[in-house]
Amino acid sequence: MSSAPKKQSPRLIRQQKIVDYVVSKGFASAAELSELTGVSLMTVHRDIDDLSTRGLLRKFHGGVSAQPSTIFESSSDFRLHTHTREKAALAREALKLLSPGMSVLLDDSTTALALARLLPEVGPLTVVSNYRQVQEELREVPDIRLILLGGEYSRTHDSYLGMPCQEMVSTFSVDIVFMSTSAMNGRMTYHQEQEIVLVKRAMLNTAVTKVLMMDASKLDRTALHQFAPVDAFDHILLSGDINQELLSELQEQTDVRLAPLEA
């Protein structure tokens, strides 16, 4: 006879409630979370310490945040629920660059995940990715040959990173890579985390065609680490309300395509 499933501890249930709340709001104070969960401020601070250590939330003076900054990237859970219309538009535009039989590399961005959800429409493809969400999306699709990149698992990004991932990426030669990053201005792209930058650069180096997908919230911004110059990409796909001056500057350097939002 099978045993009954184990119940989650009150602490884990409480911490999940905190994560869900902060992800939905972007940030919250410790006092706000204490009222939400019905526990003391001391207990909330211990929960915040634990969640920030695990990379699920970012601690700051007086509370916790799921929002990105120039130094910290937001978690995968947070990014999955932001700018979804823009990401869907980018995915539809990206699909036009694909044909059956191609090899496709996807980074661990939620924008690339939006494209992964459309890939069964194309036909037979080989898909390579370090993002666990891509694995979950495509692992049962018969026409997709799925290759997963290993490495050290990051709970914050829900992906595999580090030197093993970089080395594995370098063994491939793919037709096309689709990626996104945290910030871009008229000349350069950026990301907050060095480890992410190194994996993304390795992905660029292994692809014949390089495609960057960016929603408007990431434009006219910088972050701590330079990733790659704008002209390193063969195509840049944009969605949302785009500054015309920035658009003109980008168009001088590479092919830029605007992805229309669905009503």
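Glutamate 137 and arginine 117 join their side chains in a salt bridge, at 3.5 Å from N to O; the term covers a side-chain nitrogen of Lys or Arg within 4 Å of a carboxyl oxygen of Asp or Glu. This pair links distant parts of the chain, with glutamate 137 in helix 7 (residues 132-138) and arginine 117 in the loop between helix 6 (110-116) and strand 5 (125-129), 20 residues apart. Helices (H or I, at least four residues) and strands (E, at least two) are DSSP runs, numbered from the N terminus. Glutamate 137 is partly exposed, at a relative accessible area of 34%, and arginine 117 is likewise partly exposed, at 44%. Here buried means under 20% relative accessible area, exposed over 50%, and partly exposed in between (1.4 Å probe, protein chains only).

All of this comes from a predicted model, in which local features need pLDDT of at least 70, side-chain atom pairs count only at pLDDT 80 or more, and totals for chains, interfaces and linings use all residues. Residues are numbered from 1 along each chain as its sequence is written, and side-chain values use heavy atoms, with hydrogens and water left out. The average pLDDT (the predictor's confidence in each residue, from 0 to 100) is 88 for the protein, and 90% of the residues score at least 70.

Returning to the charged side chains, the whole structure holds 13 salt bridges. One of them brings arginine 11 and aspartate 50 together at 2.7 Å, N to O. Arginine 11 lies in helix 1 (residues 10-25) and aspartate 50 in helix 3 (residues 41-53), so that this pair, too, links distant parts of the chain, 39 residues apart. Arginine 11 is partly exposed, with a relative accessible area of 40%. Another salt bridge connects aspartate 255 to arginine 257, with the closest N and O atoms 2.7 Å apart. Aspartate 255 is partly exposed at 30% relative accessibility, and arginine 257 is partly exposed at 27%. Salt bridges also link Arg132, Glu136, Arg139, Glu140 and Asp158 in a network.

Leaving aside neighbours within four places in sequence, phenylalanine 233 is in contact with Met179, Thr189, Leu204, Lys210, Val211, Leu212, Phe227, Ala228 and Thr254.

The search for aromatic pairs finds two in the whole structure; rings of Phe, Tyr and Trp (its six-membered ring) pair if their centres lie within 6.5 Å, and planes under 30 degrees apart count as stacked, over 60 as edge-to-face and the rest as tilted. Tyrosine 153 and tyrosine 160 make a tilted pair, at 5.4 Å centre to centre and 55 degrees between the planes. Tyrosine 153 is partly exposed at 34% relative accessible area, and tyrosine 160 is partly exposed at 24%. The rings of phenylalanine 227 and phenylalanine 233 have centres 6.0 Å apart and planes at 65 degrees, so this pair is edge-to-face. Both phenylalanine 227 and phenylalanine 233 are buried.

The strands complete the picture, with pairing taken to require at least two DSSP bridges. Strand 12 is mostly covered, seven of its nine residues being buried. Strand 9 runs parallel to strand 12 and is joined to it by five bridges, with valine 174 standing opposite alanine 207 in strand 12. Five bridges also join strand 12 to strand 14, again running parallel, and aspartate 215 has serine 239 in strand 14 as its bridge partner. Elsewhere, four bridges join strand 4 to strand 5, which run parallel, and leucine 105 stands opposite valine 128 in strand 5. From strand 4 (residues 103-106), Ser103 and Leu105 point one way and Val104 and Leu106 the other way, and all are buried.

Methods. Contact means heavy atoms within 4.5 Å.
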